[in-house]
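Please keep the sequence and the coordinates at hand while reading.

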Amino acid sequence: MPLRRKTAGAQRLKQAARSLGGFVVVTALTFIGLMAITFFIGRVIPIDPVLAVVGDRATQEQYDAARVAMGLDRPLVLQFVSYVGDVFQGNLGHSVSTNRPVAQDLARVFPATLEMATLGILIGVGLGVPCGTWAAARQGTWVDQLIRVFALLGYSVPAFWLGLVGLVVFYANLGWVAGPGRVDIFYEGLVEPRTGLMLVDAALASDWEVFWNALDHLILPAAILGFFSLAYIARMTRSFMLDTLGQEFITTARVKGVSEWRVIWVHGFRPIRVPLITVIGLSYAALLEGSVMIETVFSWPGIGNYLTVALLNADMNAVLGATLVIGAVFILINKLSDVLYRVLDPRSR
Amino acid sequence: MSPLLDVRNLRVSFPTPQGRAEVVKGLSFTLGRERLGIVGESGSGKSMTGRAILRLIRTPGRQEADRLAFDGIDLTTLSERRMRDLRGARISMIMQDPKFSLNPVMTVGAQIAEALLTHETLARRDVQARVIEMLHAVRINDPERVTGLYPHEVSGGMGQRIMIAMMLIPQPDLLIADEPTSALDVSVQAQVLDLIDELVRDKGMGLILISHDLQLVARYCDRILVMHAGQVVESCAAADLHKARHPYTRGLLAAVPRMEETRDELPVLDRSAWSGT
Amino acid sequence: MTTARHWLLDESPASRLQANLGHAYRMALQLARNPLAMVGAFILLLLILAALFAPWIAPYSPLGQNLEARLLPPSAQHWMGTDELGRDIFSRVIYGARITLTIVALVAVISAPLGLLIGAISGYFGGWTDKLLMGVTDVFLSMPKLILALAFVAALGPGIENAIIAIAITSWPAYARIARAETLTFRNSEFISATRLLGASHARIITRHVLPLCTSSMIVRVTLDMAGIILTAAGLGFLGLGAQPPLPEWGAMISRGRTFILDQWWVATMPGFAIIVVSLGFCFLGDGLRDVLDPKQGGKS
């Protein structure tokens, strides 16, 4: 018997190693593809990429110098290779609007987005999973219809509009939450940015006043962001749940006289935990994308806001850098949840 | 003494775009502590009958009956909660295919223990002992190991024994077996049926064996109902099967190959003989 | 009437036309039983009517300024109030339907056939063609759509045409995936081999036999994606990268109203309602269509 366990364990390990190997190769290829796209957008599409970088007030000498510095006199393939090399060294170019290396800028703004997206996904999972399960258990009733419409709203409401309405209602009229920004202006710079996550930094410094103020600012944008993941998670949970609840083993559980609550949450829910992880991973990645609009509305100093400011200033290096980072995180989470699925599902053991 | 199960005018219907379609049309029978076989082709409503007895027809399906009583208890008016107390504990059902009817992400031991714990409060050690004992009773070697396995790690025959163990562990009075062997290899079919037969006789339970196989039902049951298109077309003692009168039953019997076959061609069921019923 | 109905629902149709029409009629009947789908169809009908007859429906000009009537709240004269230049918001929303419909239609017309063709070729030929095409598709699929569209518009320059191109570029991969999956299910089937034996060229098999079979799942997917396309287009407009002022594009209108959001809430909120209603309409209809055309994808409702 112990022998059998061991071989089974070794087999699992082997399989995990194989899926990990596949994961690395596929992810690497996708990254190269991502870089090809950003390279294409930055160097090929613009009629004059040099002009896009130096601006139209540059002199001819400045223009020529920039052209050579950007390596645009070399063949396209070589340009791409050196672009990939630069990206791997963390060199994303210089931002004309902040006058700093783009990589530095991104490292500074990313935690703010991460903080908001993380609270958002917690809200989305915390409400979306029960809502979806409930709708599936009451399939066809008004509860199901209501949750269905509510979830479809998540596909139909513009994030920026919901942000504006949220500000008007909860900040301006009701005064329940704080307004735009990460903290009130007089709390700014009080805690040392160790992780860049305001809540964590304030907690580390035991500065609870800053902590509550930061939470006050965070809760509305995170809740709105969470609503969008709630919509997706609830829909997927409902559909997985309906699939499972139609299975024969659910009838078996009912034959045994198991309570309806247990039928749903133990027999119905357990088999969908693994596919749900993928869904949650996907919606977490999607929140990074959704944060672009929300951050613009809430003046949230994250990567989304950085991207839109760069867009309006035609700061191409910053735009492409932000696109690359968001894209990379997106791909990474996507592929990771794929691997997790394969490793965690008992049926694939 | 009232019979174990009394069914009168049972109807099960499902909605279709053309209105409600009845799959069971007014079924009546009574059952004592005996073995009843329900035979019919797929779609004849035999499986729905089994589920309707447990009141497990899910919406949008609907079931109605003039009388549906188990051991004197009227099942049609029983609250869902009381019905749950009855399910498993007093009426149980063995499902068709262990590949689908066992929960794929719960261990075998946990699933059997659940059947017991739903109806009894027991210490953990006692539960484990009862599960092991039950697995022994269904002739599973090395039950300690089997309790830790997942359903996909056991064979079909073993899966069905696990199913039997799970359904018999709370010691019900009536067992419904819905095509218990049709998903299994021929070689293990007889073993599983013999096992069910033995356990049912030992404990003096009532058995409803649902199958499409007339010979098989005749061998393991005392009485036979032949169902066709939602209705009973023949009801007789298993021993009198050869005296069956309805053309459908006769057709079924004629289509069975014999050991010393003299016919060049097996007759095909002539459905015109009873069409319109 | 009853004979026509009878003819349509005939179990053994006499001609291909009767079979096709009967099939469509049954689908329509099934769709008509889904109240949400009917609401969706009704909303889309309104959108199309508003776009077609905007000059007759809108009480004012969408562009004409009237500085004396600036920022008026909703009233009997101005159902949705007026904006900072005294333009009637209701009239602008009605004219905005034209822009939204144009964007949605163009994106669908560009990206759906493109994805369909790439997917069908990929699935039909298999091998290296498949690996290469799906490799490219997967790279696009694993990228965030909105961000990609933003980057494209940044490179192409702001404007409604570029917004449409950018959205179309980010939408086709999903369709390619579906078309490929569909194609794979019947690539090796008898009727394809039979057609090949008759000497039909690859191009003919793909266009006459493969593509038509992919269309139903494609219609479902495109309808469901419409809401996302509208939101992306509005988002680009909101960021000032899509339709440019003074065009009455809904996203751009919200962006203008943002400045007065605390005092004159209607300027920004009214166009938002238009976006929500239209997007919801597409979602409802798409959900209903999926239940009818592609039952294995949706819940068993």
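This is a predicted model: local features need pLDDT of at least 70, side-chain atom pairs count only at pLDDT 80 or more; totals for chains, interfaces and linings use all residues.

Two strands are said to pair if DSSP finds at least two bridges between them. B:His228 has B:Gln231 of strand 11 of chain B as its bridge partner. The two strands form a hairpin with 2 residues between them, and B:Ala229, which lies in the turn, has a positive phi of about 50°.

Chain B also provides an example of helix packing. Two packed helices are described by the angle between their axes and the distance between the axes. For helix 4 (residues 108-117) of chain B and helix 7 (residues 156-168) of chain B, the angle is about 25° and the axes are 7 Å apart. Angles under 35 degrees count as roughly parallel, and helix 4 of chain B and helix 7 of chain B are therefore roughly parallel to each other. Their crossing is right-handed. Helix 4 of chain B contributes B:Val108, B:Gln111, B:Ile112 and B:Ala115 to the contact, while helix 7 of chain B contributes B:Ile162, B:Ala165 and B:Met166. By class, this contact comprises 6 nonpolar residues, 1 polar residue and no charged residues.

In chain A, helix 5 (residues 102-137) and helix 9 (residues 208-245) cross at roughly 35°, and their axes come within 5 Å. The crossing of helix 5 of chain A with helix 9 of chain A is right-handed. The residues of this contact divide into 23 nonpolar, 8 polar and 3 charged.

Attention may now turn to the contact between chains. Here 17 residues of chain A are in contact with 24 residues of chain B. Helix 10 (residues 248-255) of chain A supplies the largest share of the chain A side, namely 6 residues. That side, taken by class, has 6 nonpolar, 6 polar and 5 charged residues.

Chain C can be read against its record. An unreviewed UniProt entry lists several spans of chain C as "transmembrane region", among them residues 146-170 and 265-286. What are the helix content and the end-to-end C-alpha separation over residues 146-170 of chain C? The span is 88% helix and 0% strand, with its end C-alpha atoms 8 Å apart. Residues 265-286 of chain C are 100% helix and 0% strand, and the end C-alpha atoms of that span lie 32 Å apart.

Conventions: Residues are numbered from 1 along each chain as its sequence is written. Chains are lettered from A and ligands numbered from 1 in the order in which they are written. Axes are lines fitted to C-alpha atoms, for helices over the stretch in contact, and angles run from 0 to 180 degrees between N-to-C directions. Helices (H or I, at least four residues) and strands (E, at least two) are DSSP runs, numbered from the N terminus. Angles under 35 degrees count as roughly parallel, over 145 as roughly antiparallel, 65 to 115 as roughly perpendicular and the rest as oblique. A crossing is left-handed if the near helix is turned anticlockwise from the far one by less than a right angle, and right-handed if clockwise. Two residues are in contact if their C-beta atoms, placed from the backbone, lie within 7 Å. Ala, Val, Leu, Ile, Met, Phe, Trp, Tyr, Cys and Pro count as nonpolar, Asp, Glu, Lys and Arg as charged, and the others, Gly among them, as polar. UniProt positions are given in the numbering used here, feature names are shortened, and annotations may be inferred rather than shown by experiment.
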